[in-house]
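Visitor: I would like to learn how to read a model like this one. Please take me through it feature by feature.

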Amino acid sequence: EGVGPQEYTLIKMKLVELTDNSKVPQFAGKDVFFVAATLRPETMYGQTNCWISPDITYVAVEARDGSIFVCTERSARNMSFQDLLKLDKEVKPVCMIPGRDLMGAKLKAPLSHYDHVYALPMLTIKEGKGTGVVTSVPSDAPDDFAALTDLKNKEPLRQKYGITDEMVLPYEPVPIIDVPGYGSLSAVEACKKHKVKSQNDTAKLMEAKEEVYLKGFYEGVLNVGKYAGTQIQKCKDAIKADMVAAKEAIKYLE
Ligand code: A2H
């Protein structure tokens, strides 16, 4: 990473319902968004779920338009310095919510192939990066494929966090980007090649990631949506700009 600030795109994943709406009465009657930080907005066609850490306490904060954003307190503070929230340069959370209470939330993810997706546990989310909310694109992100595969294969893991089969089993990686030599599910291919066994296989995941990210960016060609047939390098900025214009995403620096 360079010396300057990193520009992320925050994807607004709209809350349809929590598994237990009574856990957060402050959400009643509000538009609530889980805001996921990504460096790859052009992959949003392939979203299959949202990742939340069971070990992080999230905040709900008021956005400029009166809607609610769910994210880490640290990222809310940064947002308050970027004109993204109702309050400037301070954070007064509407409420605090343990990640566990967000598990299984039903969400609408912009551009996704799936009509709705669910919030699922990822154990490797870092509190100090992005918003602590991550959108999952298992076709193109080895971390996402490994974590989704863990949940599919391990019933006790689903049970521990109150995740039902319907929230996980129907969701398959979506082929959205053709990468020469890898086909259209590059992260799946790379995880196989490097024999990644779980989301905690840090070293193997690192190898898989290095390989697919470079190739995906420099040689990948999108095969869905308005920019189908275009190289990732050439359509990335346009897809991001379209999502921002549609108020489905916002730019965020840290
Ligand atoms: B990316 P960097 Cl398809 N903890 O989005 C762990 N990982 C996090 C995170 C956190 N708190 N916040 C964001 N991320 C993930 C899509 C994607 C991403 C694809 C391919 C590569 C990729 C779908 N997940 O990241 O350390 C998010 O996953 C490649 C690095 O700031 C975010 O973009 O460079 C990326 O890590 C930011 O990581």
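Visitor: What should I know about the model and its numbering?

Guide: The model is predicted: local features need pLDDT of at least 70, side-chain atom pairs count only at pLDDT 80 or more, and totals for chains, interfaces and linings use all residues. Residues are numbered from 1 along each chain as its sequence is written.

Visitor: Which residues of the largest nonpolar core touch the most other members?

Guide: Nonpolar side chains tend to be buried together in soluble globular proteins. A residue is buried if 20 or more other C-beta atoms lie within 10 Å of its own, exposed if 12 or fewer, and partly exposed in between, with C-beta atoms placed from the backbone. A nonpolar core is a set of buried Ala, Val, Leu, Ile, Met, Phe, Trp, Tyr and Cys residues joined through C-beta atoms within 7 Å. The largest one here has 76 residues; Phe 34, Ala 36, Cys 50, Val 70, Leu 107 and Ala 119 touch the most other members. Strand 2 (residues 32–38) gives the most to this core, six residues.

Visitor: What is Leu 107 in contact with, beyond four places in sequence?

Guide: Contact requires C-beta atoms, placed from the backbone, within 7 Å. Among the partners of Leu 107 are Met 13, Leu 15, Phe 34, Cys 50 and Ala 119. Now take Lys 106, in strand 7 (residues 106–108). Lys 106 is partly exposed, because 16 other C-beta atoms lie within 10 Å. Beyond four places in sequence, Lys 106 touches Val 16, Glu 17, His 116 and Tyr 118.

Visitor: At what angle do helix 3 and helix 5 cross?

Guide: Axes are lines fitted to C-alpha atoms, for helices over the stretch in contact, and angles run from 0 to 180 degrees between N-to-C directions. Under 35 degrees is roughly parallel, over 145 roughly antiparallel, 65 to 115 roughly perpendicular, and the rest oblique. The axes of helix 3 (residues 142–153) and helix 5 come within 8 Å and cross at roughly 75°. The pair is therefore roughly perpendicular. The residues of this contact are seven nonpolar, no polar and no charged.

Visitor: Is helix 5 enclosed or open, and why?

Guide: Helix 5 is largely enclosed by the rest of the structure, because six of its eight residues are buried. Its buried residues pack against helix 3, strand 10 and helix 6 (202–219).

Visitor: Is Pro 180 buried or exposed?

Guide: Pro 180 is exposed, because 11 other C-beta atoms lie within 10 Å. Pro 180 sits in the loop between strand 10 (177–178) and helix 5 (186–193).

How values were computed. Helix = DSSP H or I, 4+ residues; strand = E, 2+ residues; numbered from the N terminus. Contact = placed C-beta atoms within 7 Å. Nonpolar A, V, L, I, M, F, W, Y, C, P; charged D, E, K, R; others polar.
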